[in-house]
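Subject: Structure handover and findings

Dear colleague,

Please find the sequence and structure below. My notes on what was found follow directly after them.

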Amino acid sequence: RNLFLRIASAAAFMAALSAPAIADDKEGARYRWRNVEIVGGGYVPGVVFNESEPGLVYARTDIGGAYRLDLESQRWKPLLDWVGWDDWGLTGIDSLATDPVDPDRLYLLAGTYTNSWDPNNGAVLRSTNRGRTWKRTNLPFKVGGNMPGRNMGERLVIDPNDNRILFLGARSGNGLWKSNDYGKTWSRVTSFPAVGSYAPDPSD
């Protein structure tokens, strides 16, 4: 009998593994989980939804740029294919913010590594047309789109009460930064005490 129970339990377990992943939400709607093709490189540490426009969704990757979901084709549209070799670091996206007040506005915190061997500082890329064209503001510190902690939430946020104002939580002890002009210029919030000091290797 024990052998029969073990075989039956194993069979039930294998059947559960091979079944499609289907889940019920609280309203009873059924979801079928499948793979999604983004056609980009790297890990996807963040998927960000606009809070005011249904269906406006972005994905950021650690080395492969950022993407917007195209509702008509149901495919992910790359937003940084214009980045050339000299600016390769801009394809590491450490954070993404989509404006709940003006959904056409989009911001990327771009930069791949904070290590000493990467000579490039980070940048904030800003768009007023959902990523079709961009303007760039260079930052005085490095950004780590492919560094530890990249999947722990967004470092770049928009003030919903005044969307001219953005805040940026920087890495490597560089503290909190603020923009009052839609991300064009940035200044450090010197009154913010919790600046952080993490580095994978304290000597680097």
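Helices (H or I, at least four residues) and strands (E, at least two) are taken here as DSSP runs, numbered from the N terminus. On that basis, the chain has 1 helix and 14 strands. The model is a predicted one: local features need pLDDT of at least 70 and side-chain atom pairs count only at pLDDT 80 or more, while totals for chains, interfaces and linings use all residues. Residues are numbered from 1 along each chain as its sequence is written, and side-chain values use heavy atoms, with hydrogens and water left out.

Overall figures

The chain has 204 residues, of which 38% are buried. Buried means under 20% relative accessible area, exposed means over 50%, and partly exposed lies in between (1.4 Å probe, protein chains only). The accessible surface of the chain comes to about 12,400 Å², and carbon and sulfur atoms hold 53% of that surface. These areas come from the Shrake-Rupley method with a 1.4 Å probe; for residues, only the protein chains shown count as cover. Among contacts (heavy atoms within 4.5 Å) with a separation of 6 or more, 46% are between residues 24 or more positions apart.

Nonpolar cores

In soluble globular proteins, nonpolar side chains tend to be buried together. A nonpolar core is defined here as a set of buried Ala, Val, Leu, Ile, Met, Phe, Trp, Tyr and Cys residues joined through side-chain atoms within 4.5 Å. The largest such core has 16 residues, and Leu-80, Leu-96, Leu-108 and Trp-134 have the most contacts inside it. Two or more residues are given to this core by each of β7 (93-98), β8 (106-110) and β9 (123-127). The largest share, 3 residues, comes from β8. Beyond its neighbours within four places in sequence, Leu-80 is in contact with Gly-65, Ala-66, Leu-90, Ile-93, Leu-108, Leu-125 and Trp-134. A second, separate core contains 14 residues, including Val-124, Val-143, Leu-166 and Ala-170.

Two buried serines

Ser-95 lies in strand β7 and counts as buried because its relative accessibility is 0%. The side chain of Ser-95 reaches the backbone nitrogen of Arg-155 at 2.9 Å. Residues up to four places away in sequence aside, Ser-95 touches Arg-60, Tyr-107, Leu-108, Leu-109, Glu-154, Arg-155 and Leu-156.

Ser-179 is found in strand β13 (residues 176-179). With 0% relative accessibility, Ser-179 is buried. The side chains of Ser-179 and Asp-181 are joined by a polar contact of 2.8 Å. A polar contact is a pair of N or O atoms within 3.5 Å; within protein, one must be able to donate a hydrogen and the other to accept it, and residues adjacent in sequence count only if both atoms are side-chain atoms. Setting aside neighbours within four places in sequence, the contacts of Ser-179 are Arg-164, Ile-165, Leu-166, Lys-184, Thr-185 and Trp-186.

Salt bridges

Side chains of opposite charge can pair when their charged atoms come close. The structure holds 9 salt bridges, each being a side-chain nitrogen of Lys or Arg within 4 Å of a carboxyl oxygen of Asp or Glu.

One of them joins Glu-53 and Arg-130 (2.8 Å, N to O). This pair links distant parts of the chain, 77 residues apart: Glu-53 is in the loop between β3 and β4 (57-60), and Arg-130 is in the loop between β9 and β10 (135-138). Glu-53 is partly exposed at 26% relative accessible area, whereas Arg-130 counts as buried at 17%.

Arg-130 also meets Asp-104 in a salt bridge (2.7 Å, N to O). Asp-104 lies in the loop between β7 and β8, so this pair ties together parts that are 26 residues apart in sequence. Asp-104 is partly exposed, at 31%. Through shared partners, salt bridges join Glu-53, Asp-104 and Arg-130 into one network.

A further salt bridge is formed by Arg-136 and Asp-87, whose closest N and O atoms are 3.3 Å apart. Arg-136 is in strand β10 and Asp-87 in the loop between β6 (75-78) and β7, 49 residues apart. Arg-136 is partly exposed at 40% relative accessibility, and Asp-87 is partly exposed at 29%.

With kind regards
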